[in-house]
Amino acid sequence: MPISFDSERKIFKLDTATSSYIIEIYEQNYLIHLYYGAKIPDTNLKNHKFLMNWFGSVSPQNINIEDRRFSPDVCTFEYPCEGTGDFRSSAFSIRNADGNNATDLRYVSHKIYPGKPRIDGLPSLHVNTDSDADTLEILTEDAVTGIRAILYYTVFNNYGAMTRFVKVINASDRPADIERVFSSCVDFNTNEFDMITLYGDWLKERTFERAPLGRKKQGVSSKRGSSSHAQNPFGAIVGRNTTEENGDAYGFNLVYSGNFEFSAEVDAHGASRVLMGINPDAFGWHLEPGEEFSSPETVMVYSSDGLGGMSRIFHRLYTNHLIRGKWAHIKRPLLINNWEATGMDFTGDKLVTFAERAKEIGIDMLVMDDGWFGKRDDDTSSLGDWQVNEEKLGGPLKDFIARINALGIKFGIWYEPEMVSHDSNLYREHPDWCIHVPGREKSIARQQYVLDWSRKEVRDYIYEMMKKVIGENKIDYVKWDYNRCITEAGSPALPPERQKEVFHRFILGTYEIMDRLTVDFPDLLLENCSSGGGRFDPGTLYFSPQIWCSDNTDPIDRIDIQFGTSLCYPASVMGAHVSASTRAGFETKGNVALWGTFGYELDPNTFTPDDIELIKEQVSEYHKYYDLIRSGDLYRLISPWENDRRVAWMFVSEDKEEALLTSVVMRKPHDNAFFLRLRGLDPEKYYVDDTSGEVYSGALLMNAGISLTNYSNNDGDSFKIYFHTL
Ligand code: GLA
């Protein structure tokens, strides 16, 4: 039983494939967290909730509990609240109608059932059949205010993963205001941990950082309105000695594209509280009597096989239970995008020449990026005016697409639906349709504002325009872009007590439109983008099975970005293209882009006959390794955070019959006698190196390794070896 309840001891036990998670209903119905870690068979953990034997006068106690070791301030709680004896950061804080935040949620009842519920209006992981997962719902209540919270836990039986979210219900007869509602809280009774997060910037997304937990609060967050380039809604808590292949690794990832916080607070007693959820700094939610609010979902993964083990669980889980729709499991088109080649300076005729060349080298789809609508020739105008610029395309869109399709090439198009340019008809007609605070200057970024998608009429207006263009034309793919942050987060359509809801309502609006788009056009392939990878998160992935990783297409810079991204996101979702960047040749550019969706982002008219031969070869490799890369297991053999000169990674098929090793020299190393030990192979099997024809045992490859002496070691060089069993 993945989820069990011991009614005598009053203990819940949630077992994933790799972990156990244990909760106790203690005296006075306190919900105490007892354990999260490697799988254990029993639950005799009654002393694990106490972190000290004697508290003196500093820690408050409950008058009805005799055991003086119990104090809310030092107990490991399941869902800690504000103002009733626990001085650490709370997971939940709600201002009641009397104006105070004192809250104490205690256990009322629970349910255990097969399957997994959906979360209204929010993306979440899905089950394919009810036997994929089991769910525990724990109903809690504050006896004084009548505020209720249901804690949801879903255990994915075949993975080392569980998900959590919280539904708050105002079951009282007076209004209340949620100020903090974290999706998950895990209290560990130790602080022997490091925290790993993914920081970044435009052109530098998801860079790995590891730091020990100190006796303080530390973490990352966003209040830009999106998950952002600056920090990703992913964090790992790992043992001090955890490596790529060994040791405890707990991964937390929020299925949400808006403001988030991931934090860990180590208290005076050396316990660590790990929170993941909506960033309370830029959030509030007003609940009238009877109203409910659901938090987004946290995905929690545990592996004792280090960071690599954790990543591989995330990859399989997301491939099978996050990415949906037609494109989840079928082969996606190989595309060429015109952005880096032309910017907005293109014509229909020019793009037709792209399609002609693309056809010659085996590309399936042409994507027309920004600049096809309104009078947009640079980034100062026209967002919101989604009418085709027929002059630029040389006629109606339909005719232009017909020219592309006649070459046997599919067609994709760019949109930035949530935005309006200052210089646009839409803004001139509806200046109040963007997010703003009346009377306050609106900050501008890239000459544009963010539309107020908390308002239905605004969402409908944009969606109807999109639907018309997509419905009336043969469009196979949409690149959905999002190129600025939210400032002055207000909406004149909401009353004062709901102004703090704007950020979350905006994201709900985005999700509603992405949902309508994918339901109305089930064959459409949606790729998200946000000035590169500024909204690269599981919330976005739920709607679009691939996301553009970064506007930085330099293959050497991409190493950091793709290694960081791979901590929790699979190769199939990483938008990666070969571009005209010059720090490495076509071969290395192709080898790096193969670890992703693969495609081209340059002018194919510039290809020399030699380039064409190489690119044809790349295209055939893309097909050859497509399944191995998308359904195989990733092993990061040498990561850029361990070695800034040479990196290596490999994909191994689930049956261990084949593997693809890739290594890139970022900067000439001085270690020519380097032996690279492979991982993930079957030690008993024999593998053929497809290039040399040499045969090696898996044991040899993983222990003696392969010598790199024969491979060129200059800046930007790379090689790959395909191994398959005899
Ligand atoms: C963003 C994207 C680019 C491109 C431009 C178009 O920067 O990341 O790929 O689509 O917008 O304006």
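Q: How many residue pairs are in polar contact between domain 1 and domain 3?
A: A polar contact is a pair of N or O atoms within 3.5 Å; within protein, one must be able to donate a hydrogen and the other to accept it, and residues adjacent in sequence count only if both atoms are side-chain atoms. Between domain 1 and domain 3 the count is 4 residue pairs, both at pLDDT 80 or more. This is a predicted model: local features need pLDDT of at least 70, side-chain atom pairs count only at pLDDT 80 or more, and totals for chains, interfaces and linings use all residues. Residues are numbered from 1 along each chain as its sequence is written, and side-chain values use heavy atoms, leaving out hydrogens and water.

Q: Into which domains is the chain divided?
A: Domain bounds come from an automatic or database domain assignment. Here they give domain 1 (3-321), domain 2 (326-548) and domain 3 (636-725).

Q: How many salt bridges are there between domain 1 and domain 3?
A: A salt bridge is a side-chain nitrogen of Lys or Arg within 4 Å of a carboxyl oxygen of Asp or Glu. The count between these two domains is 3. Glu-245 and Arg-679 meet in a salt bridge through their side chains, at 3.3 Å from N to O.

Q: What area do domain 1 and domain 3 bury between them?
A: The size of an interface is often given as the accessible area lost when the parts come together. Buried area uses a 1.4 Å probe and is summed over both parts. Domain 1 and domain 3 bury about 610 Å², with 48% of it on carbon and sulfur atoms. On the domain 1 side, Phe-208, Glu-244 and Arg-316 supply 71% of the area buried against domain 3.

Q: Which residues come nearest to the ligand?
A: A residue is near a molecule if one of its heavy atoms lies within 4 Å of it. Of the 13 residues around the ligand, Asp-369, Asp-370, Lys-479, Gly-532 and Asp-551 come nearest. A polar side-chain atom of Asp-370 is 2.6 Å from a ligand oxygen atom.

Notes:
Buried area is the accessible area (1.4 Å probe) that two parts lose on being put together, summed over both.
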